[in-house]
Amino acid sequence: MARKVRVRFAPSPTGALHIGGVRTALYNYLFARQHGGDMLLRIEDTDSTRFVPGAEEYILEALDWLGIGIDEGLRWENGKIAQVGNHGPYRQSERREIYHQYVDQLIQSNHAYYAFDTPEQLDAKRAEIPNFQYDARTRMQMDNSLVIGIEEAKRRIAAGEKYVVRFLIEPNEDITVHDLIRGDVTINSSILDDKVLYKSADDLPTYHLANIVDDHLMEVSHVIRGEEWLPSAPLHVLLYRAFGWTDTMPEFAHLPLLLKPDGNGKLSKRDGDRLGFPVFPLEFHNQKDGSVSSGYRESGYFPEAVINFLALLGWHNSTDQEMFSMDELIQQFSLDRVSKSGAKFDYEKGKWFNHQYLQLKSNEELATIFMPILQFHLSPATCPLPPATCNLLPKVIGLVKDRVNFVPELWEQANFFFVAPTEYDEKSLAKRWKEDSPRHMTELLAVLEGIDENDWTTPAGKTAEEGVLNTVVMNWIAEHEYGVGIVMNAFRICLVGAARGPHIWNITDILGKDETLRRVCQALSVLK
RNA sequence: GGUGCUAUCGUCUAGUGGCCUAGGACAACGGCCUCUCACGCCGUAAACCCCGGUUCGACUCCGGGUAGCACUACCA
C-alpha cells in the first residue's frame with residue numbers, strides 16, 4: 001500500500017529565503033512531481049519575535065519566479081498570497097487551537113509536563129553548572145509539575161504564571177532514525193534534553209511540536225530538509241511515538257548543507273556581501289533592520305539557470321550531462337543520488353550556467369528583456385526608444401550575446417551601436433593607433449564615400465566578408481600595401497572607441513554609411 | 001566539552017573490489033581561429049585525508065586516527 005507522496009517546504013518568515021532553502025524547496029518539488037505527489041508550503045512562524053514583515057510574500061514570490069510550483073498551502077498568485085487545500089490553515093500562528101489539543105494529549109499521557117523555570121533562572125543554572133541540560137538527571141531539581149504536582153501547576157497557571165511545556169524524555173534508549181540519504185542514524189536518548197514544546201508567553205508551540213503535529217495532520221509522507229535537522233530527528237521520532245503515530249510517520253531525508261565558497265562553514269548572507277554575489281533569489285528590503293540584499297533575479301539570472309545550478313549542487317545523475325531542464329530534473333532526480341557531504345557554493349559555475357541559458361534564448365526574447373535596460377542607459381527620462389532602435393535590437397544582440405553571461409552586460413558589449421564614442425580607450429590607442437593612422441583614415445574616408453548607399457549593407461545570406469565594403473576596402477589596402485591589421489584596427493577604434501567588438505562589417509552594416517563616415521571624421525578631429 | 005554527519009583535482013562531482021595510467025564540468029594556464037575583444041575549438045596542469053586490517057587485488061569493504069561541518073535556546 002503505497003502512500004501518496006506529500007512533501008512540504010516549511011520556511012520561517014524571518015527574512016529573505018536563503019539560496020540553501022531554495023535548494024531544499026527544489027528537491028522537495030522535484031521529488032513530489034516525480035512521484036505524482038503534492039508539494040505543500042507551510043509557514044513556520046512560531047517565533048513571534050523573529051517575524052519580518054514582507055518575508056512571507058518574498059518567499060512565495062521567489063518560489064514562483066523559480067518555477068517551483070506549490071500544490072497546497074500558501075502560494076503566489078497574481079502578485080499576492082493565496083491559500084489552497086483542505087488541511088489548513090497553513091500558517092502555524094493560525095493553528096493555535098490545534099496545538100493546544102495535542103499539548104494536552106501529551107500532558108495527559110505523561111509524555112510532557114509543565115515547567116515554570118524562567119529563562120533567567122535557566123541561564124543562571126547554565127552559568128553555574130557546566131553542560132547543564134534539562135533532562136532526566138536534573139528535572140527533579142527544577143520548578144515543574146513533576147516536582148510540585150499537576151494540581152499545584154494548574155493552580156499557578158490559572159493564577160497567570162508564565163510556563164512552558166516540556167517533553168519528557170526517557171534516558172538510555174537508543175533511537176534509530178532511517179534517513180533516505182544517510183541510512184540508519186542512531187543516538188542515545190540521554191543526550192537529548194527535555195525540549196520545550198510549547199511556550200505560554202506567546203501561546204505558540206516550538207518548531208518541534210508544531211512540525212510533528214502539522215506533518216501528521218497534513219499527511220506528509222516524506223520530510224526532506226537540511227542536515228541541520230539531523231540531530232533532532234530522533235526527538236521527532238520520539239514525538240511520533242508519544243502521539244502514537246508511528247504507523248504514518250514520514251520518511252526522512254536530510255540534505256547536505258551549502259557551504260561558504262572560501263574557508264569553512266555554512267553559506268551566509270555575509271558571504272554574499274563579502275564576495276560580491278547574491279545569496280537570495282530576489283532582492284530583499286528588510287523592513288525590520290533596513291538592510292538590502294541583492295538577488296539573482298535583479299542580477300540578471302534566468303530562473304532556469306539558477307535551478308539548474310542549484311540542482312547540481314549536491315545531486316548528480318552519474319552521466320556527463322550538465323544542462324537540465326526542470327522537466328528533465330523531475331524525471332531524473334533521485335534522493336539516493338544526493339551526496340552526503342556539504343557543497344561549497346561555486347558562484348563561478350553559476351555564471352557559466354547563465355551564459356549557457358542566455359545563448360539558448362532567441363535574440364527577440366533577449367531584446368525584450370534588454371529593452372528597459374537600454375532605455376535606462378540611453379535616456380533615463382521617460383521618452384520611448386525610437387522604433388528604428390528597437391527593430392535593430394535583436395540583430396545587435398545576436399552579434400554580441402555570445403560574449404556575455406547576463407543580459408545587463410549586453411550594454412557594455414553593444415553600447416557603441418547606439419552611442420558614438422566620445423572617448424577613445426587609452427590601451428587600444430597605444431597598441432592600435434599608429435603614426436600613419438590619421439592618413440589611413442583620411443584616405444579610407446574617401447574610399448568609403450565612393451561606395452553607393454545601396455551597396456553599403458551586406459546582403460542577406462552573405463557573410464561579412466562577402467559584402468561590397470570588404471571587397472572595396474581590401475582592394476584599396478592591397479593596392480597601397482597597407483597592413484590589414486593596422487588599418488582595420490584604427491577603423492575599429494573610430495567606430496567603437498576601443499579595440500573590441502564584433503566583426504567590423506557587422507558594425508558598419510548596423511551603423512550605416514552616414515554614421516560610419518561621421519564617426520571616422522569625429523575620430524580624426526579628436527585623434528591626431 | 002558532548003553527540004551526530006561527512007571526507008576523490010582549487011570548486012561541483014563520476015566512481016558501489018579488477019574496466020582507474022582515477023572520468024566530466026567550472027576556474028586556471030597554453031595553443032588554434034582572427035582586423036580587435038570575446039565566443040568557440042584543441043590541449044596542459046591538477047585529487048583518492050592518514051595508519052592499519054580484509055582480499056590474489058582496494059578510491060571502493062572494516063577498524064582506528066585526523067580534519068571539516070552540524071547540533072547542543074522558551075530560534076527555526
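1. Basis. The model is predicted: local features need pLDDT of at least 70, side-chain atom pairs count only at pLDDT 80 or more, and totals for chains, interfaces and linings use all residues. Residues are numbered from 1 along each chain as its sequence is written, while chains are lettered from A and ligands numbered from 1 in the order in which they are written.

2. Domains. Chain A has domain 1 (6–76 + 257–349), domain 2 (95–255), domain 3 (362–418) and domain 4 (426–526). These bounds come from an automatic or database domain assignment. Between the C-alpha centres of domain 2 and domain 4 the distance is 77 Å.

3. Helix α20. Helices (H or I, at least four residues) and strands (E, at least two) are DSSP runs, numbered from the N terminus. Helix α20 covers residues 484–496; at 1.5 Å a residue its 13 residues should span 18 Å, and its end C-alpha atoms are 18 Å apart, which agrees. The expected span is 1.5 Å times one less than the number of residues. Just after α20, G497 has a positive phi of about 95 degrees.

4. Burial of α20. A residue is buried if 20 or more other C-beta atoms lie within 10 Å of its own, exposed if 12 or fewer, and partly exposed in between, with C-beta atoms placed from the backbone. By that criterion V487, A490, F491, R492, I493, C494, L495 and V496 are the buried residues of α20. Their cover includes α15 (410–418), α16 (426–432), α17 (437–449), α19 (468–480) and α21 (504–526). Contact here requires C-beta atoms, placed from the backbone, within 7 Å.

5. Surface near RNA strand B. A residue is near the strand if its C-beta atom, placed from the backbone, lies within 6 Å of it. There are 61 residues around RNA strand B, of which E44, N264, S341, R403 and A499 come nearest. Two or more residues each come from α4 (119–128), β8 (183–188), β9 (196–199), β16 (343–344), α12 (347–360), α20 and α21. Helix α20 gives the largest share, five residues. By class, the surface has 23 nonpolar, 18 polar and 20 charged residues; Ala, Val, Leu, Ile, Met, Phe, Trp, Tyr, Cys and Pro count as nonpolar, Asp, Glu, Lys and Arg as charged, and the others, Gly among them, as polar.

6. Two strands pair if DSSP finds at least two bridges between them. An open sheet of four strands runs in the order β5-β6-β9-β10, with antiparallel pairing. At its edges are β5 (112–115) and β10 (204–205), each with a single partner strand, so one side of each has no neighbour in the sheet. Four bridges join β5 to β6 (residues 164–167) in the antiparallel sense, and A112 stands opposite F167.

7. Strands β2 to β4. β2 (residues 38–41) pairs with β3 (residues 72–77) in the parallel sense over two bridges, with L41 opposite G73. β3 pairs with β4 (residues 80–84) in the antiparallel sense over five bridges, with L74 opposite Q83. β3 and β4 form a hairpin with two residues between them, and N78 in the turn has a positive phi of about 50 degrees.

8. Loop residues. A498 lies between α20 and α21 and counts as partly exposed, with 18 C-beta neighbours inside 10 Å. Not counting residues up to four places away in sequence, A498 touches D425, S428 and I493. D47, in the loop between β2 and α2 (55–66), is partly exposed, with 17 other C-beta atoms within 10 Å.

Note on methods
Two residues are in contact if their C-beta atoms, placed from the backbone, lie within 7 Å.
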